[in-house]
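Here is a short briefing for a first look at a protein model. Please view the sequence and structure before reading the points below.

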Amino acid sequence: LLFGFSAWLFSRNMKQARLKSEERMAQLALYIGEHIRADVFSYPFDFKPSAFPTAYAEQQGEWLDRLTRATGLERAVITDSSGQVYAGSQNLITSGESIQPYLIDTALFAAAARNGKPRFTRMSEIDGVRFQSLYFPFTLGKRLHMVVLESDQVFLTYVEQFRTYVVFASLFLLILFVLLTAGLFVLDRKFQAALETSRRNEHLAFLGRTSAELAHELKNPLAIIKASVDVLKRKMDPEGKEAAFNYLSDEVMRLSRLIGNILGFSKDRPLESKPFRPREALLVVREGQRLEFPNVAWIVETPETLEIMGDRDIFRQVSDNLGRNASNAMAGQGSLRVTYEPPPKPGASGRLLFTDSGPGLPKHVKAKLFQPFVSGSKTGTGLGLSIIKNLCERSGWSITLVSDAAAGGKPTCFAVAVPGERITPTA
């Protein structure tokens with residue numbers, strides 16, 4: 001892995017260096033073409049190699065020579081599309097002669113002159129010196145002309161030195177990258193955990209501040225409204241034919257449960273820790289929800305003799321919230337099966353599995369499943385699963401989503417895990 005990464009980094013850096021060199025050459029060729037175009041049109045002569053004045057060729061050659069020495073290029077020559085020289089940066093190639101014998105690749109020169117597109121040659125070696133050329137076409141007087149540039153030896157020497165440097169630098173960067181990645185991963189995990197705890201504490205603090213006021217301002221008036229509705233119902237609709245009384249009663253009870261959820265979420269009373277039988281608690285919850293959800297079948301398959309250590313009332317509250325969430329998700333039609341999965345090995349946890357036949361959880365709910373005020377129902381408070389998680393953690397248990405029907409495959413299933421030492425094995 002280390003060798004592969006080093007080779008990749010070396011190849012990448014060499015490619016970037018080569019592209020930078022070619023980009024610099026192309027920019028210089030474009031500048032030369034623009035300069036010649038602007039300068040030549042100020043003179044009255046025809047811009048052809050056969051009619052190009054010697055004095056002007058020498059003037060342009062001196063300018064090209066200064067430009068190549070300033071930029072580090074080896075040579076710059078201006079020709080027509082056939083390769084006849086106008087001016088060059090060195091006396092080796094003079095005005096009026098053909099550049100063809102001096103070209104590294106005559107085929108590429110002809111292709112550039114034919115289609116008007118710049119062409120770079122491969123790195124070539126002549127008399128022990130490595131070169132790369134650029135054949136850059138430009139228009140002048142409605143005719144195609146060429147700027148021929150040869151790359152500088154200084155740059156090529158730098159690339160050769162850079163090649164050795166990159167091997168060692170790549171190894172160092174790889175080790176540094178691995179160490180930094182590992183460190184950042186650890187820090188990110190800690191940061192995310194701290195951020196989640198901070199957000200959770202903020203919600204809890206908010207609920208704690210508002211719970212007393214909500215209890216005083218809402219719970220008592222709602223109780224009076226509920227009692228008044230019941231009195232009016234007995235007097236005006238003893239046979240229960242008027243649906244409005246049922247609507248009022250149901251809505252008052254829903255608001256009462258909402259307040260109870262908020263108060264239960266912020267409440268921090270001491271918990272009992274003694275053996276109880278979860279099956280008995282589950283049957284009580286089943287009977288309590290049967291009137292509200294008559295078409296939801298509770299199937300309790302936990303062993304009768306199974307005992308776990310904890311607070312029985314807390315377990316009832318957890319089961320009630322899980323059952324209510326499942327029944328609402330199934331729109332009051334379906335089944336909820338509660339089973340027990342013993343610890344797979346000593347020291348592991350046993351699990352109580354709550355599996356429903358509903359459609360599964362919406363994506364936006366699954367992403368923030370146990371956070372307060374996240375709900376997949378328009379009428380839900382988004383506190384049910386938050387309350388369950390809080391109660392399980394305080395009891396030394398844990399709750400997870402095992403499977404989800406919305407993701408395909410198995411039906412939706414929540415698991416309440418209880419440490420093995422808190423479980424009395426069944427007979």
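Two strands count as paired if DSSP finds at least two bridges between them. Helices (H or I, at least four residues) and strands (E, at least two) are DSSP runs, numbered from the N terminus. This is a predicted model: local features need pLDDT of at least 70, side-chain atom pairs count only at pLDDT 80 or more, and totals for chains, interfaces and linings use all residues. Residues are numbered from 1 along each chain as its sequence is written, and side-chain values use heavy atoms, with hydrogens and water left out.

**Overview**

- The protein has nine helices and 15 strands.
- Of its 427 residues, 37% count as buried. Buried means under 20% relative accessible area, exposed over 50%, and partly exposed in between (1.4 Å probe, protein chains only).
- Contact means heavy atoms within 4.5 Å. Among contacts with a separation of 6 or more, 63% join residues 24 or more positions apart.
- The accessible surface is about 24400 Å², and 58% of it belongs to carbon and sulfur atoms. Areas come from the Shrake-Rupley method with a 1.4 Å probe; for residues, only the protein chains shown count as cover.

**Open sheet**

- Five strands form an open sheet in the order S2-S1-S7-S6-S3, with antiparallel pairing.
- Its edge strands are S2 (85–88) and S3 (119–120), each pairing on one side only.
- S3 joins S6 (residues 133–140) through two bridges, and the two run antiparallel. Here Phe120 stands opposite Leu134 in S6.
- S1 (residues 75–80) pairs with S2 over three bridges, in the antiparallel sense. Thr79 has Val85 as its bridge partner in S2, and Ile78 has Ala87.
- Four residues lie between the strands in the hairpin of S1 and S2, where Gly83 takes a positive phi near 105°.
- Six bridges join S1 to S7 (residues 143–150), again running antiparallel. Asp80 stands opposite His145 in S7.
- In a regular strand the side chains alternate between the two faces of the sheet. Both faces of S1 are covered: Arg75, Val77 and Thr79 are buried on one side, and Ala76, Ile78 and Asp80 on the other.

- Arg24 lies in helix H1 (residues 2–40). Arg24 is partly exposed, at 30% relative accessible area.
- Arg24 and Ser151 are 127 residues apart in sequence, yet 9.8 Å apart in space, C-alpha to C-alpha.
- The 18 residues of H2 (residues 54–71) should span 26 Å at 1.5 Å a residue, and its end C-alpha atoms are 26 Å apart, which agrees. The expected span is 1.5 Å times one less than the number of residues.
- Among the buried residues of H2 are Tyr56, Trp63, Leu64 and Leu67. Seen down the axis, the buried residues fall within an arc of 165°, so they line one face of the helix. The arc is that of the directions from the helix axis to the C-beta atoms.
- Thr54, Ala55, Glu58, Arg69 and Ala70 are exposed on the other side of H2.
- Gly72 follows H2, with a positive phi near 90°.

**Nonpolar cores**

- A nonpolar core is a set of buried Ala, Val, Leu, Ile, Met, Phe, Trp, Tyr and Cys residues joined through side-chain atoms within 4.5 Å.
- The largest has 36 residues; Leu322, Trp397 and Val416 have the most contacts inside it.
- Elements giving two or more residues to this core include helix H7 (312–329) and strand S14 (413–419).
- Apart from this core lies another of 22 residues, among them Ile36, Phe52, Leu67 and Leu149.
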